[in-house]
Amino acid sequence: MRLLQSIKMAMRSIRGNKLRSFLTMLGIIIGVSSVIVLISIGQGSSKAVAEQINQLGTNLLTVNVMNSDIVKLTVEDTEKFRKLDGVKEIAPVVSGRVSVKNGTTATQVSLIGTTASYQTVREAQVSQGRFLSDIDVEYRQKIAVLGANTAQTLFGMENPVGKYIQVDGISFKVVGVLASKGGSMGQSGDDVILLPLSTAQRITKNTNVQTMYIQAKSAEQLNWIMAEIERTLMRMFPDHQDSYSVFNQQDLMDTMSSVTNTMTMMLGGIAGISLLVGGIGIMNIMLVSVSERTKEIGIRKAIGAKRRDILLQFLIEAAVLSAFGGIIGIGLGLGIGQILSVTLKLSVSYSVSVVLIAFLFSLIVGIVFGVFPASKAAKLDPIQALRYD
Amino acid sequence: MAEATEEGSRQMAKSIIEIQNMTKTYRLGGEVVQALQGISLQIHSGDFLAIVGPSGSGKSTFMNMIGCLDRPDAGSYFLDGKEIARLNDNELAAIRNEKIGFIFQNFFLLPRLTALENVELPLLYRGMKIKERQQIAQECLKKVGLIERAHHLPSQLSGGQQQRVAIARALVGNPPILLADEPTGALDSKTSQEIINIMKGLNEQGHTIIIITHDWEVAKQAKRIVRIQDGRLFESRGDFIEASSVD
């Protein structure tokens with residue numbers, strides 16, 4: 001129980017010099033809180049990016065045809081991919097740009113001609129009405145589902161479901177509106193109009209599929225399925241690998257997360273330096289404290305304190321000081337993070353491990369920088385120390 | 001112990017301190033000072049010894065030797081039957097803790113600790129449990145008549161009271177020797193006499209007491225007086241038998 005006693009003693013000497021102790025702790029407080037705030041912001045933004053990518057659909061592979069003159073991927077071709085092992089669902093897309101008009105209001109939007117499975121593959125949410133159905137595709141129905149922005153532009157606050165719009169001069173009935181997804185990486189997911197695949201082929205006068213979305217059953221199978229798709233495409237279009245690309249959503253996610261992780265590490269590193277500076281502050285004050293308490297050390301040694309006792313006393317004092325600073329820093333860091341996330345709408349993500357690591361690091365900094373002053377105190381000659389004024 | 005204080009039987013008593021040919025030199029600003037030049041001294045259990053001498057006589061150096069705060073260059077020092085001249089710092093600390101109770105001129109209480117906590121301190125370094133420690137410390141404060149001031153800080157006590165706390169601290173480890181360095185140096189004559197009376201009482205209870213002083217009024221109340229001058233020791237007050245006739 002001597003440790004407990006030493007901690008009590010350390011608390012007492014910290015309380016005895018409140019202002020100085022606070023100023024000493026300030027370095028650690030700022031260090032720990034900035035570590036927590038910066039890493040939380042870094043992790044928050046990487047989480048936000050991951051979420052955005054995931055909104056495109058989970059376990060998603062995308063086949064893009066760049067040169068449709070050479071690579072003519074028909075709707076029938078895409079059905080072959082559905083039969084591959086591990087593929088859950090596919091959605092072929094015929095795309096283009098069209099002008100849509102409601103009365104006198106007109107706008108240019110991206111056309112996506114696809115099937116009902118697009119909804120599951122891309123995880124598209126419908127805010128009003130319904131999505132495209134297989135029957136619409138089969139009977140070439142002149143119906144349309146609008147992206148959130150498109151609906152906003154054409155109809156304002158009105159409910160577009162059941163209304164008619166002109167797509168390149170042809171009249172279409174609006175059956176649904178997509179929920180807003182927000183844009184990611186330069187593409188707006190909301191400035192679109194979705195038509196049944198067969199109808200879109202007529203509008204664009206093109207039967208070839210430009211894009212095919214393939215959803216895997218699980219994330220583990222993604223790489224394997226990707227290889228399988230590439231092999232199939234190679235067989236279908238030999239010597240034209242440059243004309244299409246297969247794109248793994250996981251790759252994008254990995255790239256993005258490596259970028260944000262580097263950012264987070266950098267921010268954490270900078271904050272860590274301030275924690276180190278705080279440690280030097282502790283060393284400074286402990287050295288002052290040792291020379292100020294030389295007499296006390298002499299008295300303690302005279303009545304039988306061993307070197308180890310004195311060393312431990314000052315080490316514990318440094319550790320308690322930095323632990324206190326660490327705890328206050330954690331509170332401050334979490335508070336600042338919360339304020340930033342509310343006021344600046346930053347996405348902030350706390351993790352227990354970061355808090356723990358920041359705290360342990362502050363404790364270690366305190367102990368490491370406490371060793372030198374403490375050993376200085378422990379080595380004092382009792383006679384000199386008693387005579388010291 | 002009672003017999004030990006009786007006349008005649010003292011020389012038969014066990015000597016608790018035995019110093020043979022102790023020398024110590026140190027450098028002071030490039031000058032070599034011979035602080036102790038072959039001092040020999042025997043102190044018996046139950047003694048009340050005063051060491052007197054002018055400043056610069058080697059008195060403080062000798063006290064540091066007796067108090068195991070320093071090591072001699074040559075010579076032997078047996079304390080309670082143990083050679084301690086060649087022990088290392090930690091072993092010396094343990095000896096100080098167990099064998100010697102220090103009483104200093106300026107009391108040297110820790111200002112942030114209460115009287116009781118100050119008294120507990122030697123036991124803390126012995127690794128004793130808090131309950132036991134507090135109980136013994138309270139008993140010692142009772143002995144010096146300060147139990148009702150146990151939770152006061154040193155700054156809230158008078159000089160005499162602080163010195164009594166210091167005496168309680170010296171007593172708490174139940175050491176065979178109490179070593180007092182100018183214990184009355186910072187006190188007025190009335191309080192000084194109170195402190196001396198407490199020490200006399202402790203001596204009657206069997207504690208061996210060594211006082212270092214330059215105050216003759218204090219020294220002459222001891223049973224035995226030795227004088228240090230120029231690093232040499234003199235028995236200035238005859239032998240032990242005559243010591244009881246002082247006053």
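Predicted model: local features only at pLDDT ≥ 70, side-chain atom pairs only at ≥ 80, totals over all residues.
**View 1. Helix α2(A), residues 18-55, and its kink.** The helix holds 38 residues. At 1.5 Å a residue, it should therefore span 56 Å. Its end C-alpha atoms lie 52 Å apart, which agrees with that expectation. α2(A) also kinks by about 35°. The kink is centred on Met25(A).

**View 2. The interface of chain A and chain B.** On one side, 25 residues of chain A take part; they are in contact with 26 residues of chain B. The two chains bury about 2300 Å² between them. Carbon and sulfur atoms account for 62% of that area.

**View 3. A salt bridge between Arg12(A) and Glu117(B).** The two side chains meet at 2.5 Å, N to O. Across the interface of chain A and chain B, 2 salt bridges are found. Polar contacts across this interface link 6 residue pairs, both residues at pLDDT 80 or more.

**View 4. The side of chain A that touches chain B.** Four elements of chain A each supply at least two residues here: α1 (2-15), α10 (294-302), α11 (307-343) and α13 (382-387). α10(A) gives the most, with 6 residues. By class, this side has 12 charged, 8 nonpolar and 5 polar residues.

How values were computed
Residues numbered from 1 in each chain as written. Chains lettered and ligands numbered in written order. Heavy atoms only, no water. Expected span 1.5 Å × (residues − 1). Bend = angle between axes of the 7 residues up to and from the residue. Contact = heavy atoms within 4.5 Å. Buried area = accessible area lost by both parts, 1.4 Å probe. Salt bridge = Lys/Arg side-chain N within 4 Å of Asp/Glu carboxyl O. Polar contact = N/O pair within 3.5 Å; in protein donor to acceptor, adjacent residues only side chain to side chain. Nonpolar A, V, L, I, M, F, W, Y, C, P; charged D, E, K, R; others polar.
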